[in-house]
Amino acid sequence: MKVTLITDYRNNQLEEQVRTWTVCHVLEKYGLHTAVWSMEKGEEGKEQKVDASLFQKLGQLFRGNAKEEQEVLNDFLDTYGTIEKRCASLEELKAVDGTADSYIALRKDKTENGILDLSFLTTNQKYVIRRDPLFWLQEKDFEMFDVSPSKQFDLVLDFDGTLDIRVEAFTKQMNGTVHTVQNKDCTTKSFKAYLEALKGAKKVITNTALGAIVAITHYIPFVYVEHGEKDLTAGILEGLKLESHIIRKNASITEENFAWDIQAKTMNTRLRRWRRKPLYEIEEAFRITTNEEKVLCPTNILKKECYGCYACEKVCPTKAITMVEDKDGFPYPVTNEETCINCGACERACIRLKESNCIEEGFPKVRAVMNRKLDVRMGGSSSGAVFPELCKQFIEERNGVVVGVTYDENMQVVSKIAETLEEAKAFRNSKYVKSQFSQNFPKVKELLQQGRYVLYTGLPCECAALRSYLRKDYDNLLIQEILCHAGPAPRIFGGYIKALEEEHGSKVTNFVFRDKQKGWHMSTCSVVITFANGKEIVEYAKFNDYFKAFLNDYLGRPSCSHCQFVGSYRSGDLTVGDFWGIQNLYPKLYDNKGISLLMINTEKGWKYWQEIHERFVVQKSNMREAFKKNHSKPSPYKEERVQLFHKLEGKNPKEIAQLLHEYNNAIQENKK
């Protein structure tokens with residue numbers, strides 16, 4: 001998609017150049033092709049014509065004339081890949097309407113020339129940025145300029161306009177070097193000099209948004225001198241809880257104003273949250289995502305709320321609902337209006353609309369547990385080996401079955417029913433891919449009605465969906481949910497597997513995400529990939545491109561960022577996961593070979609646990625300890641996730657693998 005940014009700025013100041021570039025830079029991350037059309041304006045608001053020869057050259061560059069490229073690549077925007085076309089009149093701008101798919105306007109204040117509302121443009125795809133895009137920038141965006149401070153300054157002044165008397169007073173009373181940067185000249189050289197100075201500063205005084213965001217992202221002590229009561233930048237700083245860094249009218253500057261009382265990690269989290277709203281609006285405006293749309297189902301929930309749990313499809317009496325994958329590979333309900341009888345069954349079954357928390361009074365009971373048999377813990381279990389004992393309990397001791405996930409012959413992750421312990425072995429090891437699971441719901445119900453004992457394991461939303469489908473509890477059913485990070489799209493994992501097969505000339509037969517031979521912790525465990533020709537790849541999990549993208553929350557379903565099943569909201573009789581942070585809480589239990597967090601949520605879960613608890617080393621714990629390092633909130637929304645999925649559309653396996661590599665922030669040169 002081609003997107004044109006329309007601005008009526010003169011672009012004769014560095015800050016405005018960087019602001020314009022930021023919009024284009026961020027949109028490029030989504031895979032959008034950007035250009036800039038600027039309106040030239042006179043000092044009194046009258047349109048003025050630009051030099052004809054310059055306009056001709058810019059026009060040639062806009063049309064991709066490489067011969068003229070070096071002649072016009074002399075300002076900041078052009079140097080960093082943003083094509084700028086300057087229009088001498090509004091009529092000229094209207095004349096080129098239609099050469100782009102979508103438009104964005106960048107303007108702080110209302111104008112009278114129609115640019116803000118974009119009403120004169122024929123396309124329906126148009127959007128106005130109303131929150132300063134400079135605060136979209138992250139530290140890694142500045143890294144592309146490859147600037148390191150060559151000098152250290154005790155104080156750097158980044159001041160637009162006449163120097164404030166309070167600033168002069170502060171500089172006179174301090175000892176040390178004071179350096180004043182220039183933000184008028186908008187060349188690449190001047191911007192690098194600007195960054196070099198600020199990154200070498202011990203303190204920064206600024207009254208520009210650019211100076212503020214550079215200081216914040218690099219955690220440099222700074223103060224911002226407010227322009228007035230309606231200062232937009234000051235308003236953003238307030239939202240980031242940086243009031244102590246703002247110098248209000250008539251207030252003096254003191255050393256205390258520079259002090260950080262917020263940790264760098266917390267500051268980055270606040271910036272991410274601030275960016276969430278404007279970037280989410282852009283994603284929806286240009287249909288990069290459709291999360292705000294409602295599902296095509298009488299449940300009437302938003303796409304971002306839908307777990308894709310299949311409950312609505314399975315309970316529909318007329319089979320009017322079908323789960324259909326969207327462009328990202330996630331299933332959503334689509335209703336056939338001709339066969340829908342509006343009975344309301346899907347609404348009653350929807351786990352987003354109904355109460356799905358199964359924790360009973362007096363529960364949960366929290367335990368840190370690890371299997372007493374080391375060979376069982378090391379024999380395919382990702383953590384403390386609770387699951388193998390539950391399998392024995394149901395298959396050997398009750399002649400029952402176990403439902404779990406495994407790989408099929410094509411390395412797709414599917415849910416199957418095991419009648420033997422040998423079959424259930426395939427369910428061990430974590431598979432960080434959303435499984436195909438709903439086909440087992442009718443089979444599970446049939447087995448339960450026959451009186452067979454069933455151990456059902458799955459993600460929390462899948463377990464809640466089974467409960468909703470069954471519509472009643474069964475004494476012979478035990479539901480054990482997995483403590484979930486997120487549910488990645490199967491098509492991404494499938495593309496990654498095919499890329500590996502193409503690269504190594506052999507079919508992948510197994511993918512172990514967390515082999516514990518070198519350790520259980522994320523910093524030491526390995527990914528082991530096995531091929532049909534006998535070849536095996538072993539690498540630290542933190543360096544595997546797919547696994548790292550998963551851990552960074554780039555692969556999950558949109559509903560994972562709005563998930564209810566976190567903390568004390570549970571859908572299983574038992575909840576099992578890794579007890580992260582155990583080495584700090586109970587160091588005597590830590591051997592780097594795996595220990596499980598076990599939550600017992602119901603009386604039934606407690607009964608089954610009592611039958612096997614002697615097979616484990618057990619430490620009583622509580623919810624505060626259990627979720628100190630585990631997810632107590634949904635997986636965060638990240639713009640990188642949306643950007644990645646948008647770029648993945650239509651990509652072949654090799655391109656999918658390359659994109660995963662691009663979005664993996666591990667230090668690849670240290671890969672061993």
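Biologist: Let us begin with helix packing: at what angle do the axes of helix α8 and helix α9 cross?

Modeller: One looks at how close the two axes come and at the angle between them. In this predicted model, helix α8, residues 188-199, and helix α9, residues 209-217, have axes that come within 10 Å and cross at roughly 50 degrees. That angle makes α8 oblique to α9, and the crossing of the two helices is right-handed.

Biologist: For another helix pair, how does α15 lie relative to α22?

Modeller: Helix α15, residues 387-395, packs against helix α22, residues 603-612, at an angle of about 100 degrees, with the axes 10 Å apart. That makes α15 roughly perpendicular to α22. In this contact E389, L390, Q393 and F394 of α15 meet Y608, E611 and I612 of α22, and the classes represented are 4 nonpolar, 1 polar and 2 charged residues.

Biologist: How many of the residues of α15 are buried?

Modeller: Helix α15 is mostly covered, with 8 of its 9 residues buried; among them are E389, L390, Q393 and F394, which are also the α15 residues that meet α22.

Biologist: Turning to charged side chains, why can they pair?

Modeller: The general idea is that side chains of opposite charge can pair when their charged atoms come close. With a cut-off of 4 Å between nitrogen and carboxyl oxygen, the count for this model comes to 31 salt bridges. One of these joins the side chains of D326 and K303, at 3.4 Å from N to O. This pair links distant parts of the chain, 23 residues apart, with D326 in the loop between β11 and β12 and K303 in the loop between α11 and α12. K303 is buried, with a relative accessible area of 11%.

Biologist: Where do R467 and D573 lie?

Modeller: Their side chains meet in a salt bridge at 3.3 Å, N to O. R467 lies in helix α18 and D573 in the loop between α20 and β21, so the pair ties together parts that are 106 residues apart in sequence. R467 is partly exposed at 21% relative accessible area, whereas D573 is buried at 3%. Elsewhere, salt bridges that share partners join K140, R272, R275, E639 and E640 into one network.

Biologist: What is the exposure of E422 and K425, the partners of another salt bridge?

Modeller: The closest N and O atoms of E422 and K425 are 3.4 Å apart. E422 counts as exposed at 58% relative accessibility, while K425 is partly exposed, with a relative accessible area of 45%.

Notes. Residues are numbered from 1 along each chain as its sequence is written. This is a predicted model: local features need pLDDT of at least 70, side-chain atom pairs count only at pLDDT 80 or more; totals for chains, interfaces and linings use all residues. Side-chain values use heavy atoms; hydrogens and water are left out. Axes are lines fitted to C-alpha atoms, for helices over the stretch in contact, and angles run from 0 to 180 degrees between N-to-C directions. Helices (H or I, at least four residues) and strands (E, at least two) are DSSP runs, numbered from the N terminus. Angles under 35 degrees count as roughly parallel, over 145 as roughly antiparallel, 65 to 115 as roughly perpendicular and the rest as oblique. A crossing is left-handed if the near helix is turned anticlockwise from the far one by less than a right angle, and right-handed if clockwise. Buried means under 20% relative accessible area, exposed over 50%, partly exposed in between (1.4 Å probe, protein chains only). Contact means heavy atoms within 4.5 Å. Ala, Val, Leu, Ile, Met, Phe, Trp, Tyr, Cys and Pro count as nonpolar, Asp, Glu, Lys and Arg as charged, and the others, Gly among them, as polar.
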